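The structure is shown first.

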Amino acid sequence: MESLRRLFVASLAPLSASSLPDEDDKSGQLEPSAMTTPTPFPLLALPNEIIQQILGHLRPLDLVELSLTCQSLRSHAVNDLLWARFVQENLPAPQSSPSPCHTWRELYTAHYPYWFLPRHKIWFADKATVGNGLAGQLIFARYDSRLGSIEAYRLVAEIGRDHKAELWEWNPSVLIHKFNPKIRLFLDNPVIKLNLGDLSATRRLHQEVLMQREADQRLHGIRSMLFLSRAIPKEFQDSTMSLWPPSIVPATNRVRNESPTMFKGEGHKPQHADQICQTNFRLRKWSEFRSQGGRSSVRMGEDVLTFSTLPSDCYTPSAEKPYQGIWVGDYASHGCEFLLLTQRSPKETQEQDLVVPGSPSTYLYGDYDRDSDDLETEVTTIEAEDPPGCSGRLEAIKLTGDPHVPRGEHTWIAEDIGKGGLIRVADERNFKGARIVKSWSHIAASGFRDGKILVSYQGVIYSFA
């Protein structure tokens, strides 16, 4: 990249100093003998196919800078095949056409810099609605090729009609709830809808984009604006900061989710393209009441929701980590909640600092002695080696929460799902072949008060089909 830039600079000075008119020359004209032949630009001397191969390694902003150097390079930099790649790499399935735009370059430019939304797809927030800081919400972002828009909808789960409860044959004092949740996108009201033309031609890094929807045509309703965020470098993060996502949630970047100015200062937003946090963004929401005719309005209850995505390797199952994923849990009167199940290998468990001093969940590890006799129970199954994928630590973290245990907190942890934590392999009818391991779960009073740890002697049953 640096060598290309040096070539570009060299191409801007084709005349030598000796070719300039002398100060005493009143005519101001160059004599033919004094003129020199412009130095050829080495890059342009290459075949067009090679130039396109080289430019295929540049990023969009590099191509923009390149197009400003000369007309010849501009003709290469605006080649639509280069810009098609920038759109396609952000979408799960290849698009056959840039329609409704005329070119791929036009389509990419229309939604820059928000292509990271459909690329990461899954996003979870610190709030469900304005002022509700416990429940959170999970959304799914996608690109709509019919309209050329980027959209995001809430992911909702319902318990369904097959919800049943029965006694556990192995321990009749335990009631087992069975359910078959129905998971769908709530398409009636998009959380995000970026249409072609919504972004301004300038100041996109600072712009707060008003989400235009049909519902906004009514006199009263909830309004929202989308805007970018800046990540807090790891060396500047400390326990006094309110960050999203919390430290127990795997994340590439973390940003502030509290601000006395409601993130209205430009310091909370990227100042240049390199500062755009592509794993977090914010939504400003408020209630608006308009007078008849819409001549005046009152804005109330303003709040900011902070969203984050998850690294795909922390929820994608594999042969070594088959239990990883985003799951739905039945939380009785609270309804269905989404959980992140992330599995850590024994080596990762030893290498990673699982307890972050001062974090909201630090006390969870201190309320009991993990080496105490209270955690011991009768082991009826002894294994010489861990079965494939059955080793390490399994953590269940709430992506959406309830008034008792909120989003971003552990709901349960199995310290060792291998032979070290195994109690037995179930042989009862409903759970035949399932592994039962030691675990603990997290409970609290309403408002996330008086949190306690419940150590399970019978553990957590893993029964995966």
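Among contacts in the chain between residues at least 6 apart in sequence, what percentage join residues at least 24 apart? The share is 61%, where contact means heavy atoms within 4.5 Å.

The model is predicted: local features need pLDDT of at least 70, side-chain atom pairs count only at pLDDT 80 or more, and totals for chains, interfaces and linings use all residues. Residues are numbered from 1 along each chain as its sequence is written, and side-chain values use heavy atoms, with hydrogens and water left out.

The chain has eight helices and 20 strands; these are DSSP runs numbered from the N terminus, helices being H or I of at least four residues and strands E of at least two. Of its 465 residues, 42% count as buried, that is, under 20% relative accessible area with a 1.4 Å probe and protein chains only.

Helices α3 (residues 60-67) and α5 (residues 80-88) pack at about 155 degrees, and their axes are 11 Å apart. Axes are lines fitted to C-alpha atoms over the stretch in contact, and angles run from 0 to 180 degrees between N-to-C directions. The two helices are therefore roughly antiparallel, a term for angles over 145 degrees. Pro 60, Leu 63 and Val 64 of α3 meet Leu 82, Trp 83 and Phe 86 of α5. By class, this contact has six nonpolar, no polar and no charged residues; Ala, Val, Leu, Ile, Met, Phe, Trp, Tyr, Cys and Pro count as nonpolar, Asp, Glu, Lys and Arg as charged, and the others, Gly among them, as polar.

A nonpolar core is a set of buried Ala, Val, Leu, Ile, Met, Phe, Trp, Tyr and Cys residues joined through side-chain atoms within 4.5 Å. The largest one has 44 residues, and Leu 117, Ile 192 and Phe 281 have the most contacts inside it. Its largest share, five residues, comes from α5. Apart from this core lies another of 16 residues, including Trp 244 and Leu 399.

| Residue | Relative accessibility |
|---|---|
| Phe 124 | 1% |
| His 206 | 16% |

Phe 124 lies in strand β1 (residues 122-125). Beyond four places in sequence, its contacts include Trp 244, Phe 307 and Leu 399. Phe 124 and Arg 407 are 283 residues apart in sequence, yet 9.2 Å apart in space, C-alpha to C-alpha.

His 206 lies in the loop between β7 (192-194) and β8 (209-210). Not counting residues up to four places away in sequence, His 206 touches Glu 266, Lys 269, Pro 270 and Gln 271.

Technical notes:
Parallel < 35°, antiparallel > 145°, perpendicular 65-115°, else oblique. Buried < 20%, exposed > 50% of the residue type's maximum accessible area, 1.4 Å probe, protein only.
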